[in-house]
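Thanks for coming. I will go through side-chain contacts, one kind at a time, and I will keep it plain.

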Amino acid sequence: MNSSGKIKTADANFDNLLRIFTVPEGQNSTLTKIEEELSRNLNEFLRNHIVTEERPLKDIEQDFLSSHIPDQPEFVSDHTQHLLDTVVSQSVHTSSPGFIGHMTSALPYFLMPLSKLMIALNQNLVKIETSKVFTPLERQVLGMLHRLVYHEEDHFYSQYMHSAHHSLGAFCSGGTIANLTALWVARNNVLKADGHFKGVEQEGLFRAMKHYGYEGLAILVSERGHYSLKKAADLLGIGQEGLISVPTDQNNRIKPDALKATISRLKQHNIKPFAIIGVAGTTETGNVDPLDDIAEICRQEDCHFHVDAAWGGAVLMSKQHQHLLKGIEKADSVTIDAHKQLYLPMGAGMVLFKNAGATQAIEHHAQYILREGSKDLGCRTLEGSRSGMAFLLYACMHIISRAGYGLLIDESIAKAKYFAELIQSQPDFELITEPELCILTYRYIPEPVRQALKDATEEKRQELNQTLNELTKYIQKKQRESGKSFVSRTQLNPGQLDGMDTIVFRVVLANPLTSKEILHDVLEEQRQIASLATSLLKELSG
């Protein structure tokens with residue numbers, strides 16, 4: 001950057017372009033220094049370069065107003081400094097131990113250089129010609145996780161793990177695509193080829209419904225199901241109204257009796273429930289549906305049983321807590337996100353199938369790529385070109401190991417229970433949902449207001465609850481803006497509050513760097529912020 005503050009530009013000649021493909025930056029360059037700092041102490045680098053106090057989004061947008069592609073190239077170090085000043089500084093510090101409101105955690109340090117190696121190799125997992133060893137590696141990783149879920153014998157994996165005609169699952173960018181893939185397989189199987197009908201994948205949904213005589217198709221999930229399932233219902237052609245929400249109990253788990261009643265009602269209208277989803281770790285509260293009960297209902301109704309374990313699937317690594325997911329081994333398909341509790345960078349989801357031949361229902365081939373009989377993984381995935389994220393999970397499963405993952409899971413659940421007990425011991429905080437895994441919800445409520453709620457009329461209770469909702473929003477917003485710590489918020493209708501719509505703080509305690517002292521500090525900061533909300537507190541006390 002020159003003295004006028006403008007970015008210096010370089011000559012756009014071919015020799016200079018070749019340099020950025022072949023010659024690294026010098027020892028004293030900004031980029032080299034960044035690499036050294038990241039390698040030396042990743043979390044210290046982020047702490048030093050991410051600004052803690054939040055800047056308004058409208059102000060940030062001022063740095064990104066130009067729609068022109070630059071006519072001349074900038075020097076690497078100059079542009080790197082620009083990125084530090086405008087992008088890195090205003091990013092979310094997802095690995096901060098005080099940022100406990102999201103599902104993104106700190107990363108193991110060794111993933112930085114390994115990610116660099118993965119990027120340098122630039123493998124494309126769509127086909128063998130652009131992935132080679134990454135294909136059997138990915139197949140092995142899927143086999144390892146398949147065994148974690150389904151516990152098949154050695155001969156099963158010897159037969160199917162590297163079979164050109166089978167796949168035990170698929171890597172994808174996240175839980176959304178994983179869930180969609182599972183439901184895509186389920187839809188194609190329920191509307192498969194039959195007699196002269198060539199199958200829904202050939203003739204389309206209209207002719208499929210006409211052939212089978214259905215008035216509609218339905219996917220059933222609890223009211224705590226992830227929003228991505230609406231996208232899946234839309235893309236699969238059954239419509240968002242075809243995603244049927246089933247009531248949950250006071251522990252945010254689907255009610256088996258309500259599930260049976262819903263199925264019966266749909267069948268009376270000639271609507272075919274072709275998939276039922278059990279949630280293993282709801283996004284809002286971290287609860288696990290009664291998977292055994294759902295599995296039995298699916299067996300009776302001949303339904304595809306899918307478990308969305310994007311969050312909770314990693315709990316199977318813990319011998320102490322794996323029982324919480326009892327029944328998952330009966331699922332036809334399971335979603336797990338490695339970028340959650342398997343501690344990978346963003347962009348690593350998986351879907352696993354109990355039946356090694358299940359994905360034949362969505363198989364696609366082409367003459368120039370994905371030839372029939374090859375071991376190309378892209379023939380049975382929604383996404384075509386994909387990076388080699390399995391490389392990083394392969395490394396983690398060896399370096400951290402099942403024992404290490406088990407310790408991480410055990411520690412996170414223990415920490416959540418500690419925080420729940422800490423909240424319950426405070427006169428001015430109220431625990432709303434207890435942690436089953438490592439997610440919990442709570443709210444700030446002054447002690448006099450707590451008593452007033454007990455004695456109030458129904459109308460007054462509604463008024464007080466609405467004011468508390470506003471107070472929760474105020475505290476959460478101010479805490480986020482201060483940049484010291486972060487909790488998220490959501491809206492629930494908990495049974496202990498007579499089903500009133502209640503805005504709550506939501507906390508995720510998966511980051512191993514989060515200490516008990518930080519949890520105490522989070523509550524104290526919220527208490528101090530609440531004391532500044534004088535108008536809301538007056539309304540509550542009045």
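A disulfide, for this talk, is a pair of cysteine sulfur atoms within 2.5 Å. Please keep in mind that what you see is a predicted model.

With that cut-off, let me start with the cysteines. How many disulfides does the structure hold? The count is zero. Take cysteine 172, which is in no disulfide. The nearest cysteine sulfur to it belongs to cysteine 379 and is 15 Å away. Cysteine 172 counts as buried, at 8% relative accessibility.

Next, the surface. Phe14, Leu17, Leu18, Ile20 and Phe21 make a nonpolar surface patch of about 590 Å². One of these residues, leucine 17, sits in helix α1, which covers residues 14–22. Is leucine 17 buried or partly exposed? Leucine 17 counts as partly exposed, because its relative accessibility is 42% and the range for that class runs between 20% and 50%.

On to charges. Side chains of opposite charge can pair when their charged atoms come close. In this model the count comes to 21 salt bridges. I will show a few of them.

As for cover, arginine 380 is buried, with a relative accessible area of 4%. Glutamate 363 counts as partly exposed, at 26% relative accessibility.

The next example is arginine 527 with aspartate 428, a salt bridge at 2.7 Å from N to O. Which parts does this pair tie together? Arginine 527 lies in helix α18 (residues 516–532), and aspartate 428 lies in the loop between α15 (401–424) and β8 (429–433), so the linked parts are 99 residues apart in sequence. Aspartate 428 is buried, with a relative accessible area of 11%.

Lysine 478 pairs with glutamate 481, and the closest N and O atoms are 3.9 Å apart. Both residues lie in helix α17 (residues 458–482), three residues apart, which is about one turn of the helix. Lysine 478 counts as partly exposed at 35% relative accessibility, and glutamate 481 counts as partly exposed at 23%.

Salt bridges can also join into networks here: Asp292, Lys326 and Lys330 are linked in one.

That leaves the rings. The count comes to eleven aromatic pairs. One of them is tyrosine 212 with tyrosine 214: the ring centres are 6.0 Å apart and the planes are at 5°, so this pair is stacked. Tyrosine 212 is partly exposed, at 24% relative accessibility. Tyrosine 214 is also partly exposed, with a relative accessible area of 21%.

Compare that with phenylalanine 429 and tyrosine 442. Their ring centres are 6.0 Å apart and their planes are at 55°, so this pair is tilted. Phenylalanine 429 lies in strand β8 and tyrosine 442 in strand β9 (residues 439–444), so the pair ties together parts that are 13 residues apart in sequence.

Ring pairs link Phe419, Phe429, Tyr442, Tyr444 and Phe505.

Where does lysine 516 lie? Lysine 516 lies over the face of tyrosine 418, at 4.6 Å from the ring centre.

That is my list. Questions are welcome.

Notes: Residues numbered from 1 in each chain as written. Predicted model: local features only at pLDDT ≥ 70, side-chain atom pairs only at ≥ 80, totals over all residues. Heavy atoms only, no water. Buried < 20%, exposed > 50% of the residue type's maximum accessible area, 1.4 Å probe, protein only. Patch = residues over 30% accessible without salt bridge, like charges linked within 9 Å, V, L, I, M, F, W, Y side chains within 5 Å. Areas by Shrake-Rupley, 256 points an atom, 1.4 Å probe, with all protein chains shown as cover. Salt bridge = Lys/Arg side-chain N within 4 Å of Asp/Glu carboxyl O. Helix = DSSP H or I, 4+ residues; strand = E, 2+ residues; numbered from the N terminus. Phe/Tyr/Trp six-rings, centres within 6.5 Å; stacked < 30°, edge-to-face > 60°. Lys NZ or Arg CZ within 6 Å of the ring centre and 35° of its normal.
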